[in-house]
Amino acid sequence: MDQQSQIIVLCGKGGVGKTTVSLALGLKEASLGRRVVIVSSHPLAELAISVSLEGLAARSPVAARNLFVVHLDAREMLQEIVEKHFPIPAVARTILNSSIFRNLIEVAPGLKEFYFLARLQQLAERKSTVPGTPDYDVLIWDAPASGHFLTTLRAARAFETFLTGPLAAAGAELDRFFSHSENLKIIPVTSLEEMAITETIEMSESLERDFNLRPEALVLNMVSPLVTARAEDVAALHIDSHSSVALRFAVERGIRERALGEEVRASVDAPQIPIPRIREWKGDLDLLDQVSRWITLPAVA
Amino acid sequence: MDHTSGGGMKIIVYLGTGGVGKTSVAAATALAMARQGVKAMVLTTDPSLRLRTALRLEDGLAEQRVPLDGDCPGELWAGLLDVRATLDEAVRLYAKPASVDRILNHQIYGTIANSLSGMQELMAVERIDQLRLRGFDHLVIDTAPSRHAFEILDKPALFADFSSSKKVKLIGRTYRFVERLGLDTIGRNALDIYSRAESILGVNLVRQILDFYSIFYPIAEGYGRRAEHTVAMLRDPAITEFRVVTTPQKAIRDAGFFSDALTERNYSIGALCVNRAWLHPMPDHIPAGLAGEVLDWYRSVSDAHREAVWQLREAYGDRVREIQVFAELEQDVDGVGALERLARQMHVDAPLQAV
């Protein structure tokens with residue numbers, strides 16, 4: 001198995017903290033001296049990342065030196081491909097400025113996803129081009145929300161819509177890479193809430209059925225202290241109508257989270273990594289630091 | 001703009017990232033409107049199973065009146081924003097009878113309807129028009145989460161532009177004509193850009209896209225006109241209000257992002273809704289043991305939420321019409337009762353009085 005071209009994929013429902021967990025994991029690995037690349041395609045994630053990493057160089061020079069964040073923008077990727085195919089700048093410009101061309105590109109099914117995957121594969125393989133001296137040690141994909149993530153993976157297979165032309169060849173290559181399950185290390189992130197759990201279960205089923213991919217681990221983000229408490233301590237909690245509303249709310253929620261954790265364990269066969277809801281933090285970097293202490297991925301090289 | 005064209009229509013568009021409870025807030029808003037005596041429709045993209053049950057939305061049903069307890073002067077309706085169903089309806093309504101089947105069975109139609117990002121938003125615009133024709137005048141729209149949310153504003157123009165392009169029409173027709181005559185090369189020399197597109201996308205795909213557009217054209221053309229009309233309504237602040245739903249943790253960041261993105265498009269945020277805030281008062285006595293630990297956990301989260309709301313008011317208080325804060329419900333929304341609890345936290349009169 002080629003460890004070098006593996007992509008760690010943090011995926012799951014929107015709002016469960018994929019970007020936070022990606023950054024925390026990336027920072028942890030980078031501060032240990034490994035060269036880390038985090039790839040995202042979401043403008044909001046890009047903003048969040050740049051805000052979160054402010055002041056990193058002062059706080060952790062080692063991590064700052066080793067952490068790279070790559071934001072892949074569909075428009076820039078398309079521009080790149082046109083420029084590559086038409087090396088004369090004036091021609092490339094004419095094509096890019098033509099509304100017919102722009103609109104054809106816009107309606108070509110799955111084209112943006114297709115290019116995203118091509119770049120991701122390129123990055124992954126750059127790791128292993130020179131044996132012993134990889135550009136990167138760890139490649140993390142902060143994936144889009146479940147539905148769009150699955151659509152993106154399917155784009156690797158959509159190359160039959162591109163029967164001729166350079167995309168057809170690139171498509172066959174992409175399909176080979178992304179249908180090789182050892183190239184992707186899937187780590188879903190979820191919160192212990194009904195909608196997120198339902199989506200995590202559905203996504204895991206779809207990943208296994210359609211792509212032969214199984215989660216390596218499941219991150220349970222922002223959990224209540226009751227999730228990690230011993231069952232007998234939870235059973236001994238006494239709540240009645242005299243208890244304060246805050247306590248009733250917090251205990252009911254904790255007990256519901258425990259039940260959802262069991263529910264997902266029954267359907268998604270992967271070790272669970274609970275991360276508590278962080279109580280207090282001083283700035284984003286401190287938050288990421290605290291989160292990172294809970295992520296121990298035995299699977300990460 | 002001319003008010004008669006909107007027919008007294010009110011539209012509230014909720015934007016927000018995933019996981020903030022946008023769908024519940026949208027549904028509760030429509031419910032609060034119904035309680036005030038109007039016929040309100042919430043259009044939602046991807047409700048949870050519980051919310052689907054709460055709204056009695058069944059698969060295959062485009063929309064449904066939601067039965068309400070007690071004496072409600074208005075009506076609550078809920079509709080699924082089903083891309084395929086909406087597009088199919090448009091094809092049946094606007095295509096020439098002879099080409100309906102050809103369009104519905106075309107490969108490009110399938111991929112466009114199912115996989116094109118932003119199609120959901122495009123179809124929201126189409127659906128607003130269909131609902132307007134059927135007498136719904138208070139619409140609450142729950143946009144899809146993620147980065148596509150703005151395509152409700154961007155895509156219609158793009159699509160209309162593409163479909164009304166004379167060149168596309170010409171290319172579509174010429175291509176089929178040239179193919180039939182077998183004059184492949186002559187046709188291509190004349191269509192420079194088109195052949196360059198072919199060299200990147202492949203002959204087959206471009207051919208399919210153009211073939212599709214040549215039969216889809218009448219619908220796209222009509223779509224362009226309707227989209228123009230609907231986009232004008234979305235642009236009219238007397239008709240439409242944009243609201244951003246967020247959670248305390250993400251409030252400042254989301255407000256900044258959506259405010260910038262809307263400003264860039266010459267829209268403005270009407271209201272910021274901070275959902276799922278933990279605001280229960282803390283008891284005087286903190287018990288020992290695990291209960292104490294749980295309460296301490298609650299307090300720290302709750303303090304952070306209050307702090308975030310305070311920061312949001314400082315930064316955006318005078319830039320939006322209103323900042324609303326909704327307490328997190330004890331359970332996921334599992335029935336109209338839970339929606340009522342959320343709706344009771346809302347003041348929906350403001351946008352209605354704004355006219």
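This is a predicted model: local features need pLDDT of at least 70, side-chain atom pairs count only at pLDDT 80 or more; totals for chains, interfaces and linings use all residues.
Local features required pLDDT of at least 70 and side-chain atom pairs pLDDT 80 or more, whereas totals for chains, interfaces and linings use all residues; side-chain values rest on heavy atoms, without hydrogens or water. Residues are numbered from 1 along each chain as its sequence is written, with chains lettered from A in the order in which they are written.

The partners are 31 residues apart: E216(A) sits in the loop between α11 (194-211) and β6 (218-223) of chain A, and K185(A) in strand β5 (residues 184-191) of chain A. Helices (H or I, at least four residues) and strands (E, at least two) are DSSP runs, numbered from the N terminus. K185(A) is buried at 6% relative accessible area. E216(A) is partly exposed at 34%. Here buried means under 20% relative accessible area, exposed over 50%, and partly exposed in between (1.4 Å probe, protein chains only).

R214(A) bridges to E208(A), with the closest N and O atoms 2.8 Å apart. R214(A) is partly exposed at 47%. E208(A) is also partly exposed, at 37%.

In chain B, E340(B) forms a salt bridge with R35(B) at 2.2 Å. This pair ties together parts 305 residues apart in sequence, because E340(B) lies in helix α15 (residues 336-343) and R35(B) in helix α2 (residues 22-35). E340(B) is buried at 16%, and R35(B) is partly exposed at 29%. Shared partners also join E193(A), R253(A), E257(A), R276(B) and E328(B) into one salt-bridge network.

Nonpolar cores were then examined. Each is a set of buried Ala, Val, Leu, Ile, Met, Phe, Trp, Tyr and Cys residues joined through side-chain atoms within 4.5 Å. The largest has 60 residues, of which I7(A), W141(A), F149(A) and F178(A) touch the most other members. Helix α8 (residues 111-126) of chain A gives the largest share, 8 residues. Domain 1 and domain 2 (161-226) of chain B both contribute, so this core lies between them; the domain bounds come from an automatic or database assignment. Beyond neighbours within four places in sequence, F178(A) has contacts (heavy atoms within 4.5 Å) with residues including I7(A), L117(A), L153(A) and L184(A). A second, separate core of 36 residues includes A28(B), A34(B), V42(B) and F326(B).

Definitions and conventions
A salt bridge is a side-chain nitrogen of Lys or Arg within 4 Å of a carboxyl oxygen of Asp or Glu.
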